[in-house]
Amino acid sequence: QVEDQVEVKLNQSRKIDASMAAPSIEFKSVTAKNYADQAKFFLNAFWNECGKEAEKIWGFWEQIVALDDQKKKNGSDLDEFNAHRFLEKMGETKRVVELRETLRTIDVDFNKRMALIEYLLFRYKQTVPELLSRPQGEIDPEEMRRAEEGVRLAQEAFIQMQAELDGLKKEKEATAKKMADLEKKANDTSKSDVMRKGAANELEQLKKGDNIRVREGKTTTATKKAEDSVAKAQKVIDEIRKRPGASLPGSLWWMDREMAEVRKFLPQSKQKA
């Protein structure tokens, strides 16, 4: 019964706000973007008002991606259950009915799901008409595509580098364990001479470290590729920023932030931009 009253109240408020009653096709195309692109779209539009909140908005993006059980980074909105969880993590410590009311206020296109950009509009008290009236920059789309592709390749190179580093660590741990077992067996007088000699020979082979050197070579190659990919992507981003009239501050900040995430895991000497 309480929920029915809330529903009536919400329907009345929606009739009053005619500007939100029929979301445009243009806005639906924005809510269909993935979470990161929604955040960039919002920051490009409201950089003067919300640019100082960019790092916090990055955190909102991380949280909403974590809660999207099915699509993760490729998702565009959360169902009602996960939207409630998101609101709770954002400090909306309310009763279920109140959370539902908040979600319905946020849900501009009334599809009972919450896009990140809907939450950002709600949180920063901005409107859809104002969002869509703001320019999204005049940077050459092909240049932006190259920059975004460069960031993607750097991220992929980082993942490969991390996989090789993890593989090297496991190889070293497994080798150390095997060497300890072989040394114990080689010195075990209860074993036959043949078994002890076999263990000693295998131990000597492992001490040469051939398997470790192969792994280290792969790790060095992967790390160099990651370093080169980061440098190449950063160069494209910096070139775009220097272009006269470059006006996509949100997108450029976001790419810088993505690069910072990759750079954190490079060797220390390569971490500076």
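User: How much space lies in the largest pocket, and which residues lie nearest its centre?

Analyst: In this predicted model, the largest pocket holds about 640 Å³ of space. Its lining comprises 22 residues. Those nearest the centre are Trp61, Lys73, Val151, Gln155 and Glu258.

User: Which helix supplies the largest share of the lining of the largest pocket?

Analyst: Helices H3 (35-45), H5 (54-67), H10 (141-186) and H13 (249-263) each supply at least two lining residues. The largest share is eight residues, and the helix that supplies it is H10.

User: How do the residues of that lining divide into nonpolar, polar and charged?

Analyst: The pocket is lined by 22 residues. They divide into nine nonpolar, three polar and 10 charged.

User: Which element gives the most to the largest nonpolar core?

Analyst: This core has 37 residues, and Phe42, Ile57, Phe60, Phe86, Met114 and Tyr119 touch the most other members. Helices H2 (25-31), H3, H5, H6 (80-89), H8 (116-123) and H9 (128-133), together with strand E2 (114-115), each supply at least two residues of the core. With eight residues, the element that gives the most is H5.

User: How many residues form the second, separate core?

Analyst: Among its members are Val151, Val236, Leu248 and Leu252. Val151 is also one of the residues nearest the centre of the largest pocket. The size of this second core is 21 residues.

User: Does Asn44 count as buried or exposed?

Analyst: Asn44 lies in helix H3 and touches Pro135, Gln136, Leu248, Pro249, Gly250 and Ser251, not counting residues up to four places away in sequence. Because the cut-off for burial is under 20% relative accessible area and Asn44 has 9% relative accessibility, Asn44 counts as buried.

Key: Residues are numbered from 1 along each chain as its sequence is written. This is a predicted model: local features need pLDDT of at least 70, side-chain atom pairs count only at pLDDT 80 or more; totals for chains, interfaces and linings use all residues. Side-chain values use heavy atoms; hydrogens and water are left out. On a 1 Å grid over the protein atoms alone, a cavity is a set of points where a 1.4 Å probe fits but cannot get out, and a pocket is an open set with protein on both sides within 12 Å along at least five of seven lines; lining residues have an atom within 4 Å of a point. Grid points are joined across faces, edges and corners, and a volume is the space filled by probe spheres set on the points. Helices (H or I, at least four residues) and strands (E, at least two) are DSSP runs, numbered from the N terminus. Ala, Val, Leu, Ile, Met, Phe, Trp, Tyr, Cys and Pro count as nonpolar, Asp, Glu, Lys and Arg as charged, and the others, Gly among them, as polar. A nonpolar core is a set of buried Ala, Val, Leu, Ile, Met, Phe, Trp, Tyr and Cys residues joined through side-chain atoms within 4.5 Å. Buried means under 20% relative accessible area, exposed over 50%, partly exposed in between (1.4 Å probe, protein chains only). Contact means heavy atoms within 4.5 Å.
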